[in-house]
Amino acid sequence: MKGSGKSFAEEHLYLEFSHQMENCIFPLHTSITLFLLSYCDCKDLRVFLVSSKENADVALLHTVLPQDLEVQIVSRQELPVMVQSCCLPVAVKKADNFCRAGLSVTLRHIIQKTYEADTSKKEVLELLGFKKTCLKACAEVSQWTRLCELSIPLAVERFLSEPLKPQSPIPEEMLQLEKKLREPVRVHNDDKIRRQKLKQQQEVEVPRQSPGSGHQGALGESAKPPTENLELRVALSRLRVQEAPAETPREPVHIRKMQTLDLPPLDHLFAEGLYFTLADLVLLPCVHQFLAHICKKRCGILAHLPLIASWYQKIQEVPGVQRAAAKCRVQFLQLSDLLPTLEKQPPILRESPEMEEKNCMHFIGGPRPTISKLMKKGIEAKLSPHPCPTWTLDWSSLPAAVSPEEGKMSTERALRKQQQLNNLVSVVTNMAKPGDIVVDFCSGGGHVGIVLAHVLPSCQVVLIENKELSLVRAKKRSDDLGLSNIWFIQANLDYFTGKFNIGVALHACGVATDMVIEHCTKTQAAFVTCPCCYGFIQNTLKFTFPRSEPFKEVLSYKEHMILCRFADQTAVQLPQERRLIGKQCMCLVDLDRAWAAEEHGYSVQVISMEPESCSPKNNMIIGVPV
């Protein structure tokens, strides 16, 4: 039965514990997770605190843990082997080969699990936001997820660990959040809400204006602004799901006819705009500790963060937040008396440094000048010969669940996928030795990993994928095959910290290929990657382009981006000449990646898949540590 007690009782939640300070458990990821458990009133997970230090003081833990939560203390050595390979928090069913790792993935799972156990808790499901995508994008590609999941918790932990001085700088991450709260609100169907807001504004203004005055006059000092009441009521109505929604009277004709551009903007109430979401619950424990610290020290930082202070007050009005705070022994600060003063302070809008190089504003456009520039320095796109171009699996003799056709794709696409797999599997099987751990990064539906687990029964295969539905499908195929040498980890690839021997990635999108290669070089593991989506490559916090020293000496960032954009021009429907230029650009981008890996002590080859028609993105980068 869906949501049965037995199924839920077997799932374990592992949280890291380093220390406690002033009624808070650190790291903040653990406090965040415990707060969400209390907000959701989730009882279906057995919680373990994993001590990150041998001599961690656990004597007073009971004073900071949620009052109704049973928690066991364990050491990292006592964890299941699969869990030891991941950053905490981790959720995993006992004796299962499927786990979820990382803050956002784990929190989203807690929300879904709570709702599945009790479908009347629709206010919990609303935490996932419109289309259920809140914090779904991984931190490597989403600046917002990275800010909530990583940057702000780490920044607050650093801030709390350092002596606070009168002139202490405001953490850059808090300024980014303050700036985020100044952004215009964009929500589904906001036009209707903005017309209601205009109607309410005019109802307040009518007594103070002559009958012929304008509709959008400024509010007087003595008038109480109605806009917050309207927007907060709209926002909180989604969380009071058992109440019958009151019918809103239709707006007057002149308001219905008004152009959208002339309507008043909506106030930015919560972290993602108008509605309360998971992002608010992630930020709340961090911001609370930050505000408590600066208020205790009586420094003037708060004066420069009026929107964060206002958000902090509003969030206390959300149903369930006070109850969760009481369970977690959190005593909220009352800043309401300070808000009128804070709102008059000028904002500090320090901009984050741009990723692009400032000296790259002017460059010669188009791929040919860029390619010629490289050729003058002796850099040309050259492919190594394929080590086994005619090798193929005997697909007809393999179980049906091994074939990509089981991954819900057309026959024609499944054939091309088989050809792609022939290329990767032939290389990996030549590399692998009994006992090796092979990681299929960005595994999707498990096309690569399942084949490898089947043909390499003496190796352990690990599938890592951020999308839950894809990984669930892969696990079903694996269970049908009865594979016992395979793990499934739903996580961003950075949350996998285990040792491995070979890393594989088929069509990892954009910088994901570079992340896989870096992950392998750090572990001194061999890698076999087939890049994809070159047009999505761009500088990030972790990566800058070009990657290798020879390319850096010749090309600017924007010139390298020209190669990346044209490397995507290899689709079969394009003219042949354009495809050839696209292939040349693709090879140059991958040559840069190969040379960057060689700078870390690798022997690297760039080859083309056979047949090349198996995919427009048919390059393979093969690296072996020397």
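**Close-up views of aromatic pairs and their surroundings**

The structure holds 10 aromatic pairs. The model shown is predicted. A pair of aromatic rings is described by the distance of the centres and the angle of the planes.

**View 1. Y14 and F48 form a stacked pair.** The ring centres of Y14 and F48 are 5.1 Å apart and the planes meet at 25 degrees; planes under 30 degrees apart count as stacked, so this pair is stacked. Y14 belongs to strand β1 (residues 11-17) and F48 to strand β4 (residues 46-51), so the contact ties together parts that are 34 residues apart in sequence. Y14 and F48 are both buried.

**View 2. Y312 and F332 form an edge-to-face pair.** From centre to centre the rings of Y312 and F332 are 5.8 Å apart, with 85 degrees between the planes. Y312 is part of helix α12 (residues 306-315), while F332 is in the loop between α13 (321-327) and α14 (339-342), so the pair ties together parts that are 20 residues apart in sequence. Y312 has 0% relative accessibility and therefore counts as buried. F332 is buried as well, its relative accessible area being 13%; the cut-off for buried is under 20%.

**View 3. Strand β4 pairs with β1 and with β5.** β1 and β4 run parallel and are joined by 6 bridges. Within this pairing, Y14 has F48 of β4 as its bridge partner; the rings of these two residues also make the stacked pair of the opening view. β4 also runs parallel to strand β5 (residues 71-75), and 5 bridges join these two strands. V50 stands opposite V74 in β5. Of the 6 residues of β4, 5 are buried, and the strand is mostly covered.

**View 4. Y39, F270 and F276 form a cluster of rings.** The three residues Y39, F270 and F276 are linked through ring pairs.

**View 5. The charged end of K180 sits over the ring of W144.** The distance from the charged end of K180 to the centre of the W144 ring is 4.8 Å.

**View 6. R547 lies over the face of F545.** Here R547 is at 5.9 Å from the ring centre of F545, and the distance cut-off for a charge over a ring is within 6 Å.

Methods: Residues numbered from 1 in each chain as written. Predicted model: local features only at pLDDT ≥ 70, side-chain atom pairs only at ≥ 80, totals over all residues. Heavy atoms only, no water. Phe/Tyr/Trp six-rings, centres within 6.5 Å; stacked < 30°, edge-to-face > 60°. Helix = DSSP H or I, 4+ residues; strand = E, 2+ residues; numbered from the N terminus. Buried < 20%, exposed > 50% of the residue type's maximum accessible area, 1.4 Å probe, protein only. Lys NZ or Arg CZ within 6 Å of the ring centre and 35° of its normal. Pairing = 2+ DSSP bridges.
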